Amino acid sequence: MLLLVDLDGVVYRQSEAVPGVPAVLAARAAAGDDVVYVTNNATAYHTDYLPRLAGHGAPVGPDRVVTSALASAAWLREEMPGVRRVLAVGAPGLERELREAGFDVVSVGHAATRMHQEGIDGWAAAGHPDAVVVGLDPQMSYLRVAAAADCVRAGAVLVATNRDPIYPVENGYRPGAGAVVAAVATAARTEPRVVIGKPGPYLLQAGARLVGGDLRTAVMIGDSMTDIAAGRAVGARTILTLTGVTTRAMADALPEAERPTRVVADAAGLEAALRELAARG
Ligand SMILES: [Mg+2]
């Protein structure tokens with residue numbers, strides 16, 4: 001059985017493991033399940049997660065983490081075969097995913113600097129890219145948005161890694177990739193050609209392709225309704241864990257059409273739900 005597993009709020013919260021969950025996943029992997037982690041986070045390179053997951057005792061392998069950055073690079077390669085040069089609007093992890101997928105990558109910071117120093121537009125400063133991929137950009141600035149918007153207006157394909165409006169930090173929230181996407185799309189007077197991350201299907205499809213898994217018998221495990229919507233979008237079964245952003249009251253209030261296959265409170269509930277779903281095939 002293919003298990004597509006969200007990270008934050010499911011396997012760990014900030015730096016702490018969710019009690020018992022890594023062990024449940026390790027037992028399922030030992031029994032033959034394929035465990036693939038799927039995260040909207042587009043700032044880190046996918047293997048950067050491995051030490052942390054291994055440290056918590058979760059089952060890992062080099063090809064077991066799919067980020068929306070990795071899946072964006074895969075989507076571009078498969079769906080946009082003419083794309084060679086890509087403007088990366090985001091953190092170094094996004095640039096690295098795109099470069100390792102074979103693209104000629106220019107960073108938005110470089111393009112913004114050239115715009116400023118040479119007095120040229122963003123499209124020229126970026127070397128006429130075929131696509132613009134946008135993630136969470138911790139260095140976001142007015143000129144960076146200008147450079148990216150110039151490229152999209154000139155015809156580059158706009159790819160959003162995800163549209164999460166915010167992401168949680170130690171003592172509150174910070175703007176997510178969706179805030180950066182909104183700035184670029186608004187200034188370019190358009191919408192992204194595609195949004196790769198959850199709640200859409202592409203991230204999970206990339207995860208299933210990685211291990212040759214079957215999405216119809218897969219189980220998406222997540223702590224937010226975004227995860228559940230993504231699972232539903234690919235026809236997978238879904239388990240909502242109440243170990244992250246969703247409370248029991250929120251889960252109880254869901255309309256019929258949005259309900260996950262199972263709702264579990266903790267690792268023991270997850271273990272039981274997985275055993276039951278595996279028995280159904
Ligand atoms: Mg989560």
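Which residue in β8 does Val86 stand opposite? The residue is Ala131, as the third of the views below shows; the model is a predicted one.

**Figure 1. Overall fold of the predicted model.** The protein comprises 12 helices and 15 strands. Along the principal axes, its C-alpha atoms occupy a box of roughly 60 × 35 × 35 Å. For 281 residues, a compact globule would have a radius of gyration near 19 Å, and the value of 19 Å for the protein therefore agrees with that expectation. Buried residues account for 52% of the 281 residues. Of the contacts between residues at least 6 apart in sequence, 69% join residues at least 24 apart.

**Figure 2. Strand β6 and its pairing with strand β7.** Strand β6 spans residues 85-89, and because 4 of its 5 residues are buried, β6 is largely enclosed by the rest of the structure. Strand β7 (residues 104-107) pairs with β6 in the parallel sense, over 4 bridges. Asp104 in β7 is the bridge partner of Arg85.

**Figure 3. Pairing of strand β6 with strand β8.** Strand β8 covers residues 131-134 and pairs with β6 in the parallel sense. The pairing of β6 and β8 extends over 4 bridges.

Terms used. Residues numbered from 1 in each chain as written. Predicted model: local features only at pLDDT ≥ 70, side-chain atom pairs only at ≥ 80, totals over all residues. Helix = DSSP H or I, 4+ residues; strand = E, 2+ residues; numbered from the N terminus. Rg over C-alpha atoms; globule rule 2.2 N^0.38 Å. Buried ≥ 20, exposed ≤ 12 C-beta atoms within 10 Å, placed from the backbone. Contact = placed C-beta atoms within 7 Å. Pairing = 2+ DSSP bridges.
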